[in-house]
Amino acid sequence: MNFTASKQPESCLLGPESDSQRTLYPYVTVTSVVALKYKDGILMAADMGGSYGSTLRYKSVERMKPIGKHSLLGASGEISDFQEILKYLDELILYDNMWDDGNSLGPKEVHNYLTRVMYNRRNKFNPLWNSLVLGGVKKGEKYLGTVSMIGVNFEDNHVATGFGNHLARPILRQEWHENLSFEDGVKILEKCMRVLLYRDRSAVNKLQIAKITEEGVTISQPYSLKTYWEFSAFENPTQGAVGSW
Amino acid sequence: MASSGFQADVKALQKHLAARHLIYQHQHNKQMSCPAMAQLLSNTLYYKRFFPYYSFNVLGGLDNEGKGCVFTYDAVGSYEKVGYSSQGSGSTLIMPFLDNQLKSPSPLLLPAQDAVTPLAEAEAIDLVKTVFASASERDIYTGDKLEIVVINADGIRREYMDLRKD
């Protein structure tokens, strides 16, 4: 006979008690990640602001992390879910290393793992509220992919999350080409991040740019972009405006 | 297999079937015929009848005799062998045009008439291109590039065409 207390199944959506068991909305969020392939590998950029609703609560959030030997993960969305994903990946890389067989998980494999995790959590109605960018190089082959909180996933030469999809991707589509130099890649990323800074209210002017090549991962020190606010059209914005409001 | 709908479900479904196809090849030492895969796809979709794959599929390929076949599906696995089909956001625009051009024989006829449409390959490809160019005029979800897959006795070939260049 079964004497265990009755428990609602994992994906049961009935009633407020079971709502405390799953993610309903994000609390502390981070904004866009932008990334592109260049000559030697992948370049990725993300700012360092962590918002608590409309408050800018954290100003030094590092949201690009190396994964294993060959990958770099950038995340936007709920920070606590990103930290949990890092825990999952820690375990994944640990088991991979413990085989001690000379093989290591490349960016394609890590991206596939993350896709499975995000999709399966979505199917259980308990998503990890993140949009992830996974880039890396293994044996000379560059890889750049993205996964969203509902499991939408693809790989491309340049990707962006959140507002970056709307503001950065048009720039990337126009300016990206094969075999970008490091300097050109950084210039394009900075152009994207500047537009995001002007137009995304959750963006802050403190960013890092990360680079991953066959040799390894380098994440820059935080720095700021130069901005220009003296455009004459904004100096007297209501001049010439017609209307009552 | 061509799918429309929620990309994550489409990818998951196609991955599932690719894995099952691989297992079939290990067990039977041959490729799956299109009718076999058609049944498998139907069963896979119905398995998730109460939490469906949001995926609207058209399956095309060759049967055991090497003749072409097309199967059309809904999201929960209802399927039918047809001479032609379309699914997805543009299907309401495309299907009537295909009906007009290809006039499939009625399924009520006796003896049963073959559902194969008597088009040459070049004519068929041209029709597909025309159909998508038209769909892109009025369907906002139709994208800016078309991929055409041609399967015949010689193998599988892909062609691409840009859309919305105006």
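I take axes as lines fitted to C-alpha atoms, for helices over the stretch in contact, with angles from 0 to 180 degrees between N-to-C directions. Helices (H or I, at least four residues) are DSSP runs, numbered from the N terminus.

Some housekeeping before the entries. I am working on a predicted model, where local features need pLDDT of at least 70, side-chain atom pairs count only at pLDDT 80 or more, and totals for chains, interfaces and linings use all residues. Residues are numbered from 1 along each chain as its sequence is written, chains are lettered from A in the order in which they are written, and side-chain values use heavy atoms, leaving out hydrogens and water.

**Entry: H1(B) and H2(B).** I looked up helix H1 (residues 7–28) and helix H2 (residues 34–47) of chain B, and their axes come within 11 Å and cross at roughly 130 degrees. That makes H1(B) oblique to H2(B). In the contact (heavy atoms within 4.5 Å), I found B:Leu13, B:His16, B:Leu17, B:Arg20 and B:His21 of H1(B) with B:Met37, B:Leu40, B:Leu41, B:Thr44 and B:Leu45 of H2(B). I sorted these contact residues into 6 nonpolar, 3 polar and 1 charged.

**Entry: H3(B) and H4(B).** Next I checked helix H3 (residues 91–102) and helix H4 (residues 121–138) of chain B, whose axes come within 9 Å and cross at roughly 145 degrees. On the H3(B) side I noted residues including B:Phe97 and B:Gln101, and on the H4(B) side B:Val131 and B:Arg138 are among them. This contact divides into 8 nonpolar, 1 polar and 1 charged.

Notes: Helix = DSSP H or I, 4+ residues; strand = E, 2+ residues; numbered from the N terminus. Nonpolar A, V, L, I, M, F, W, Y, C, P; charged D, E, K, R; others polar. Parallel < 35°, antiparallel > 145°, perpendicular 65-115°, else oblique.
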